[in-house]
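I opened the notebook to record, entry by entry, what I looked up in this structure.

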Amino acid sequence: MPALPLDEAGKYVAGAYVVFVALLLIYVAIMAVRIDRMREELSDLADLAERKARSTQHAAGRPQAEADERSREVVG
Amino acid sequence: MIRLEMPSLRTMALATVVVLGGAFALAFFYAPNDADQGFVQKIFYLHVPIAICALGGFILAAIYAIAHLRTGNPIHDVRAYVSIHMGIIFGTAALLTGAIWARAAWGKWWVWEEPTLVSFLIVYLLYATYYPLRYAIEDRERQARYASVFAITAGAFVPLNFIAVRLAESLVHPRVFATSEGGLPGEMLFTFLVALAGMALLFATLMRFELAAKATRGQISRLRRALDSEAPAAAASRIAPGGSG
């Protein structure tokens, strides 16, 4: 197996290392897209949870207000 | 019993960058040029550790699959899945870098007469069928069980294949380790071992990253299910006679 001259061999060696780095970058890019999608989904869920918490407070707020009113009357 | 604490993902990523960067620096500035192949041999420090990690990933998947079948714990199935996933990615890199080396050394991108190349391709294609096999089954539990059986059977095939190739007679692909000529010289061996450690660290880091992403994905799904099931239940309790609403 005769050795290739440096200028000829260099492009193959560079090619192999570039392919490795490119594959790594593609993988990182795919993972970045997946993580971004998860971040969006988490933000949707946070909005949903906040809306629920507000509606629960709203529903529980009226009886609580009535109870507060009664207790003020008793104390007064 | 002493429990070993796993390093954080950040520590693993930093260690990977340092070790792999160091290995590549050693390959170009410390290891001598091969007398036979010349500068092209520098691909060896990239291609061989990638191929070893790919095959190691397949064997690791078989070990996790055995643990899954023994315990029934789905975490082992997820780990087996991720090991095969990483093995396929590393296998792709091994095939591509190997083809580039073959073009430089032999003047051909691929040699069908070479058992090392063909056997690696067979193993790679075998594992490529893992995804369609797994997702062809809808029932989650059956899917995990069948995938584990596949991972064990295919995993046993990996060392058998390696031995068969070693026993084959006509070889153009270089045999570097344990040859009668004495194997690699000291500087080359040291560089290769650092490159192998770096590549194994990269494999472990990416696997950890993938597992963390999968766990987060699972928790998001759980959260969505909990929030979705809470809404109709709360509405029903308000509508139902005698309900709290």
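Is B:Leu167 buried or exposed? I found B:Leu167 exposed, because 8 other C-beta atoms lie within 10 Å; a residue is exposed at 12 or fewer such atoms, buried at 20 or more and partly exposed in between, with C-beta atoms placed from the backbone.

I noted that this is a predicted model, in which local features need pLDDT of at least 70 and side-chain atom pairs count only at pLDDT 80 or more, whereas totals for chains, interfaces and linings use all residues. Residues are numbered from 1 along each chain as its sequence is written, and chains are lettered from A and ligands numbered from 1 in the order in which they are written.

I placed B:Leu167 in helix α6 (residues 140–167) of chain B, where helices are DSSP runs of H or I with at least four residues, numbered from the N terminus.

I then checked helix α3 (residues 74–106) of chain B: its 33 residues at 1.5 Å each should span 48 Å, and the end C-alpha atoms are 46 Å apart, which agrees; the expected span is 1.5 Å times one less than the number of residues. Just after α3(B), B:Gly107 has a positive phi of about 80°.

Last, I looked up the interface, where 26 residues of chain A are in contact with 30 residues of chain B, contact being C-beta atoms, placed from the backbone, within 7 Å.

Technical notes:
Helix = DSSP H or I, 4+ residues; strand = E, 2+ residues; numbered from the N terminus. Contact = placed C-beta atoms within 7 Å.
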